[in-house]
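Here is a short briefing on one protein model.

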Amino acid sequence: RTLTRVCFICDQQFPNKVFESHLSAHEDELDSLKFSNDTRDACKTGCKLCGKEMYLTRMRGHTKDKHHISITDYKLKFSLQGFEIIDKIFHRCALCSDIMLLDSDTIATHLNKHDITHKAYNDKYMNMMVATRVNSTGEDRKPRTNNIAEKVDKPKKVCPNQSKSNEKDDIMDIYRQIYLQEKFDQPAVSTPEIKV
């Protein structure tokens, strides 16, 4: 069995051994390609079952959650080698300059040839997308950005002698800092004194 790859520019399938030479045939087209390091620009596709437009990376979860079908069965049902991409956006690897689709899974697969984790690569070279959230009054809040200079403070240690409600407040505060990467102005909670 011959291993093949699909050219991300012309969507033709080629054996791995001739793929690089084929890619060089597109050299004069490279100037017209759209490149980005911002995940908000990532490639999108449309679900063939419901028509919803989404990022390629979301298709696996979407087909399972919304249509109760695995991504493998979805691809078999529609005879897909890959997804039909609505607008091709490309990413140039910051480590080796290889060109690939701007798609989290594609980048993760490519990073296997480098000595870096996907998270470390994203932190150093990518602008990460974060969905717009709604605050308690129903207004859209600005999406947060993954600014490397704005690192979240390390969570405070919870002392075993604190009260249960104080521990719960601290845990929620830690959760917000880690998962929501935001800081809240909260009134200070006094720690009850414990007499021995």
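Glu27, Asp28, Glu29 and Asp31 form a negative surface patch. The model is predicted: local features need pLDDT of at least 70, side-chain atom pairs count only at pLDDT 80 or more, and totals for chains, interfaces and linings use all residues. Residues are numbered from 1 along each chain as its sequence is written, and side-chain values use heavy atoms, with hydrogens and water left out.

**Negative patch**

- Patches take residues with over 30% relative accessible area and no salt bridge; like charges are joined within 9 Å, and nonpolar side chains (Val, Leu, Ile, Met, Phe, Trp, Tyr) within 5 Å.
- Asp and Glu count as negative, Lys and Arg as positive; His and the chain ends are not counted.
- A charge is placed at NZ of Lys, CZ of Arg, CG of Asp or CD of Glu.
- Accessible areas come from the Shrake-Rupley method with a 1.4 Å probe, and for residues only the protein chains shown count as cover.
- Asp28, one of the patch residues, sits in the loop between helix 1 (16–24) and strand 3 (44–46).
- Asp28 counts as exposed because its relative accessibility is 67% (buried is under 20%, exposed over 50%, partly exposed in between; 1.4 Å probe, protein chains only).

**Overall fold**

- The protein has six helices and six strands. These are DSSP runs, numbered from the N terminus: helices are H or I with at least four residues, strands are E with at least two.
- From the N terminus, the order of elements is β-β-α-β-β-α-α-β-β-α-α-α.
- The protein has 196 residues, of which 28% count as buried.

**A buried histidine**

- His91 belongs to strand 5 (residues 90–92).
- Is His91 buried or exposed? His91 is buried, because its relative accessible area is 1%.
- The side chain of His91 makes a polar contact of 2.9 Å with the side chain of Asn37. Such a contact is a pair of N or O atoms within 3.5 Å; within protein, one must be able to donate a hydrogen and the other to accept it, and residues adjacent in sequence count only if both atoms are side-chain atoms.

**Positive phi outside glycine**

- His68 has phi near 55°, a positive value in a non-glycine residue. His68 lies in the loop between helix 2 (59–67) and helix 3 (71–77). With 69% relative accessible area, His68 is exposed.
- Ser97 has phi near 70°, again positive and not in glycine. Ser97 lies in the loop between strand 5 and strand 6 (99–101). Ser97 is partly exposed, at 42% relative accessibility.

**Salt bridges**

- The structure holds nine salt bridges (a side-chain nitrogen of Lys or Arg within 4 Å of a carboxyl oxygen of Asp or Glu).
- Glu53 and Lys44 pair at 4.0 Å, N to O. Glu53 is partly exposed at 48%, and Lys44 is partly exposed at 27%.
- Lys113 bridges to Asp98, with the closest N and O atoms 2.8 Å apart. Lys113 lies in the loop between helix 4 (104–111) and helix 5 (118–125), and Asp98 in the loop between strand 5 and strand 6, so the pair ties together parts 15 residues apart in sequence.
- Lys113 is exposed at 56% relative accessible area; Asp98 is partly exposed at 29%.
- Lys119 bridges to Asp123, with the closest N and O atoms 2.8 Å apart. Both lie in helix 5, four residues apart, about one turn of the helix. Lys119 is exposed, at 57% relative accessibility.
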